[in-house]
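Let me put the structure up and walk you through a few spots.

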Amino acid sequence: MSTAEQQPESTVPETSVPETSAPETSALLGAADIRELAAVLGVRPTKQKGQNFVIDANTVRRIVRTAEVRPDDVVVEVGPGLGSLTLALLEAADRVVAVEIDDILAAALPATIEARMPERKDRFALVHSDAMLVKELPGPPPTALVANLPYNVAVPVLLTMLDRFPSIERTLVMVQAEVADRLAAEPGSKVYGVPSVKANWYADVKRAGAIGRKVFWPAPNVDSGLVSLVRRAEPVKTTATKAEVFAVVDAAFAQRRKTLRAALSGWAGSAAGAEAALVAAGVSPQARGESLTVEQFAAIAEHKPAAERPAL
């Protein structure tokens with residue numbers, strides 16, 4: 001999947017896909033199957049589109065197990081590519097909805113599902129679109145999100161999907177190891193930042209494993225990690241809106257080396273205004289953003305100084 005091009009949702013024509021040499025005991029794709037499919041379709045993975053296809057069946061099975069996909073789950077997958085993870089999800093879930101932006105891959109995926117798992121084809125739906133543009137999905141509301149997210153758009157896609165589809169209870173994403181560390185970081189960590197706080201607005205986040213480079217084609221130059229996100233049982237208790245809280249988060253980390261009194265001066269209208277909001281929220285004006293929880297950011301947002309009226 002890639003956001004290099006923004007395309008509207010559309011009906012994808014069926015594309016014939018050859019029967020590939022999978023063992024009778026498994027409908028999943030192996031390394032030879034992936035390469036054969038790519039050759040037939042004329043697909044050459046590109047860094048621009050963030051395409052690194054998983055070629056190891058054991059890895060996709062592991063992802064599905066770690067995601068704790070249940071037989072009654074409706075799973076949304078972003079960036080299914082040639083379908084290796086999609087097939088594994090179809091084995092375990094009730095339904096799978098895949099969101100794919102690439103024209104060739106989107107056209108080929110339904111045929112791959114029908115060829116390798118015909119008994120489940122009616123449980124599969126495809127949305128041909130940029131995930132950042134998708135505001136509704138076909139069928140029942142999704143209960144889980146499982147995806148191998150392109151490194152260059154992983155965080156915005158993840159946060160957008162969690163925001164637009166509140167029915168998603170559990171998420172497991174495979175992302176660049178560095179991004180995984182940031183998403184799962186706790187206050188006080190050197191890599192704790194905007195992704196950490198915003199992900200915590202929606203869910204309890206933790207690292208769920210590491211993935212080596214050899215299970216991808218082409219092999220990336222970085223390691224990958226699994227991140228588990230379980231939707232909060234109750235939203236963050238605050239009178240501030242999500243947008244108001246996120247504005248404080250963005251301001252605090254835009255100048256993360258500065259104290260919050262200084263970093264939030266623009267947001268509050270002045271350093272004195274920032275100090276007043278921080279004190280009212282029970283946060284030290286000398287603290288830095290990397291030490292605060294999402295609840296503390298919400299408390300600060302609640303105490304934003306009212307805009308001064310212009311002099312008459």
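I'll go through the sheet, then the core, then one arginine.

Quick housekeeping: this is a predicted model, so local features need pLDDT of at least 70 and side-chain atom pairs count only at pLDDT 80 or more, while totals for chains, interfaces and linings use all residues. Numbering runs from 1 along each chain as its sequence is written, and side-chain values use heavy atoms, with hydrogens and water left out.

So, the sheet. We have an open one of 7 strands, ordered β4-β3-β2-β5-β6-β9-β7, with mixed pairing; strands are DSSP E runs of at least two residues, helices H or I runs of at least four, both numbered from the N terminus, and pairing needs at least two DSSP bridges. At the edges stand β4 (124-128) and β7 (203-211), each with a single partner strand, so one side of each has no neighbour in the sheet. Strand β3 (residues 95-100) runs parallel to β4, with 5 bridges, and V99 has V127 as its bridge partner in β4.

Now the largest nonpolar core: 62 residues, meaning buried Ala, Val, Leu, Ile, Met, Phe, Trp, Tyr and Cys joined through side-chain atoms within 4.5 Å. Helix α8 (residues 242-254) gives the most, 7 residues.

Last stop: is R232 buried or exposed? At 18% relative accessibility it counts as buried, because the cut-off is under 20% relative accessible area, with a 1.4 Å probe and protein chains only. R232 sits in the loop between β9 (224-231) and α8, and a polar atom of its side chain lies 2.6 Å from the backbone oxygen of N200.

Note on methods
Buried < 20%, exposed > 50% of the residue type's maximum accessible area, 1.4 Å probe, protein only. Polar contact = N/O pair within 3.5 Å; in protein donor to acceptor, adjacent residues only side chain to side chain.
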